[in-house]
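Subject: Structure handover

Hello,

Here is the structure I promised to pass on. Please open it first, then read my notes below.

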Amino acid sequence: MKEMLQRVLQETAKLIDVAAFIFIDAVNQLSLPSDVSDLLSWLSTQGFLPLSCKCVISCTPTSALQEQPSPYCLYLDDLSLETARSLAVLYLSRYSKTLSSEQLHQLLHESSSSNPLWLSLACEELRVFGVFEMLTKKIVGLPDTLQGLLGSIIQRLVQEDQSCRVKKLLCLVKCCQEGVAERDLQGAMSSLEGGSEIPTVYWASLRRTLRCLLRTSRDYRGRDTLSFFHGSVAKAVEQCLLSPDNSHQVYLVSMADYYEYNCTDDATVVYQLPRLLQQATLNGRLVHFLRKDPRARTIQAHTRAQYLKAARCFHVCRDGFLRSPAMICGMCSLKTGAFGQLFLNRQSCALCGVHVAIMGKEAFLCPKHFRIGRTECLTCRSPILGLPPPYPALLCHMCGYFETCIAINM
Ligand SMILES: [Zn+2]
Ligand SMILES: [Zn+2]
Ligand SMILES: [Zn+2]
């Protein structure tokens with residue numbers, strides 16, 4: 001990624017002979033803190049930015065930024081009354097709308113009007129408000145916090161939408177970590193609605209309706225993506241639409257269904273599906289995908305181990321605790337693929353499937369997951385017999401580090 005960005009910058013600098021400016025807005029909203037520190041350390045590496053290239057980064061005050069050498073740092077204050085007034089007048093004049101001086105005073109009287117985001121959202125609300133006679137009342141009724149205003153915008157959009165798709169789309173976007181391909185959202189919406197395709201014309205109007213809350217962009221593969229334009233929108237969607245009845249599940253499942261059964265892009269499936277299944281606590285499906293779906297073989301061992309660790313029984317099976325060794329019958333020990341990779345089962349980690357020929361640790365089951373008086377094969381569940389000789393199930397160093405029962409909580 002670093003090399004790719006540097007190449008693009010060098011090529012751009014060669015093409016244009018005036019200064020190029022890169023704007024990175026809200027760098028603190030990148031999903032992983034390590035992405036922020038990586039990006040900032042690349043940009044501050046000598047020679048990374050061509051001399052003709054300048055970079056402007058905006059963020060909330062964060063420690064990550066303070067650690068980096070930042071030659072010019074500008075702290076932005078809240079809007080002054082005058083600036084707020086100009087912003088509101090200019091915003092509305094673009095749509096040939098004006099407020100009376102009393103209405104303008106009323107709008108700027110709200111304490112949040114010094115916040116540019118609150119003010120532009122409030123102006124947009126006033127712009128689309130159709131009843132001229134009621135406008136003053138509308139201004140007085142605007143919630144005086146950013147979260148409150150976003151909440152009221154979301155409630156209005158949901159109420160005005162007969163098809164219920166506004167709510168569905170916002171909730172689906174909330175289930176995705178970052179910008180998600182529009183095609184995938186369309187697929188998930190259709191699985192939410194029982195499989196019928198969403199006509200393009202509906203989709204376009206849905207995007208128009210939600211343009212004040214969503215950002216359309218392109219991912220690195222050139223696909224159109226949708227995301228919330230600001231972290232506070234995600235919070236407002238959570239508060240207004242998902243928390244009241246804790247209804248994440250239905251949206252997580254429809255995203256997961258789309259990726260597992262309909263998406264043809266394997267790289268995206270592998271990236272998105274395990275996290276969705278984990279968040280929906282569908283451990284059975286998660287483990288089945290990781291072990292049985294050929295697409296999951298490309299998932300790195302470390303990532304697989306992390307998912308399985310979270311789904312694993314938490315009973316301690318250290319030496320001295322009640323425990324029984326997990327065994328693999330002679331037949332299964334000679335087969336492959338029970339744990340997701342193509343090694344012999346007896347040489348695979350009984351959780352994540354990596355090859356563990358010599359350094360494996362023995363795997364154990366707690367009393368709850370071991371049927372007393374009868375040893376059964378971990379993979380085929382049939383009783384362990386003497387011949388062909390059974391093998392103890394083994395764990396790799398990552399999975400063996402946690403000395404708990406290896407059964408999966410279903
Ligand atoms: Zn393992
Ligand atoms: Zn257990
Ligand atoms: Zn077996």
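I406 sits in the segment after α18 (397-400). Keep in mind that this is a predicted model.

Is I406 buried or exposed? I406 is buried, because 24 other C-beta atoms lie within 10 Å. Which residues does I406 touch, leaving aside its neighbours within four places in sequence? The contacts are R312, A326, A350, L351, A363, F364, L365 and L395. I406 and H315 are 91 residues apart in sequence, yet their C-alpha atoms are 9.0 Å apart in space.

Now the chain as a whole. The protein chain has 18 helices and eleven strands. Its C-alpha trace spans about 90 × 55 × 45 Å along the principal axes. The radius of gyration is 28 Å, whereas a compact globule of 410 residues would have one near 22 Å. Buried residues account for 29% of the 410 residues. Take the contacts between residues at least 6 apart in sequence: 70% of them join residues at least 24 apart.

Helix α1 covers residues 2-15. How many of its 14 residues are buried? The count is zero, so to speak of cover, α1 has hardly any. Its length checks out. At 1.5 Å a residue, the 14 residues should span 20 Å, and the end C-alpha atoms are 20 Å apart, which agrees.

Helix α13 covers residues 248-262. Its buried residues are Y251, L252, S254, M255, A256, Y258 and Y259. What covers them includes α9 (165-175), α10 and α14 (266-279). The length of α13 also fits. Its 15 residues should span 21 Å at 1.5 Å a residue, and its end C-alpha atoms are 21 Å apart, which agrees.

Helix α10 is residues 182-192. The axes of α10 and α13 come within 8 Å and cross at roughly 110°. That makes α10 roughly perpendicular to α13, because angles of 65 to 115 degrees count as such. Which residues make the contact? On α10 they are D184, G187, A188, S191 and L192. On α13 they are S254, M255, D257, Y258 and N262. By class, the contact has four nonpolar, four polar and two charged residues.

Now to the loops.

P388 lies in the loop between β9 and β10. P388 is exposed, because 12 other C-beta atoms lie within 10 Å and exposed means 12 or fewer. Leaving aside neighbours within four places in sequence, P388 is in contact with G330 and M331. How far is P388 from A188? The two are 200 residues apart in sequence and 48 Å apart in space, C-alpha to C-alpha.

R381 lies in the loop between β9 (364-365) and β10 (391-392). R381 is exposed, with 10 other C-beta atoms within 10 Å. Check its backbone. R381 has a positive phi of about 70°, although it is not a glycine.

S96 is another residue to check. S96 is not a glycine, but its phi is positive, at about 55°. Where is S96? S96 lies in the loop between α4 (81-93) and α5 (101-109). S96 counts as exposed, because it has 7 C-beta neighbours inside 10 Å.

Last, V131. V131 is found in the loop between α6 (116-128) and α7 (135-140). Is V131 buried or exposed? With 8 C-beta neighbours inside 10 Å, V131 counts as exposed. V131 and S34 are 97 residues apart in sequence, and their C-alpha atoms are 48 Å apart in space.

Best wishes

Methods. Residues are numbered from 1 along each chain as its sequence is written. Chains are lettered from A and ligands numbered from 1 in the order in which they are written. This is a predicted model: local features need pLDDT of at least 70, side-chain atom pairs count only at pLDDT 80 or more; totals for chains, interfaces and linings use all residues. Helices (H or I, at least four residues) and strands (E, at least two) are DSSP runs, numbered from the N terminus. The expected span of a helix is 1.5 Å times one less than its number of residues. A residue is buried if 20 or more other C-beta atoms lie within 10 Å of its own, exposed if 12 or fewer, and partly exposed in between; C-beta atoms are placed from the backbone. Axes are lines fitted to C-alpha atoms, for helices over the stretch in contact, and angles run from 0 to 180 degrees between N-to-C directions. Angles under 35 degrees count as roughly parallel, over 145 as roughly antiparallel, 65 to 115 as roughly perpendicular and the rest as oblique. Two residues are in contact if their C-beta atoms, placed from the backbone, lie within 7 Å. Ala, Val, Leu, Ile, Met, Phe, Trp, Tyr, Cys and Pro count as nonpolar, Asp, Glu, Lys and Arg as charged, and the others, Gly among them, as polar. The radius of gyration is taken over C-alpha atoms; the globule rule is 2.2 Å times the number of residues to the power 0.38.
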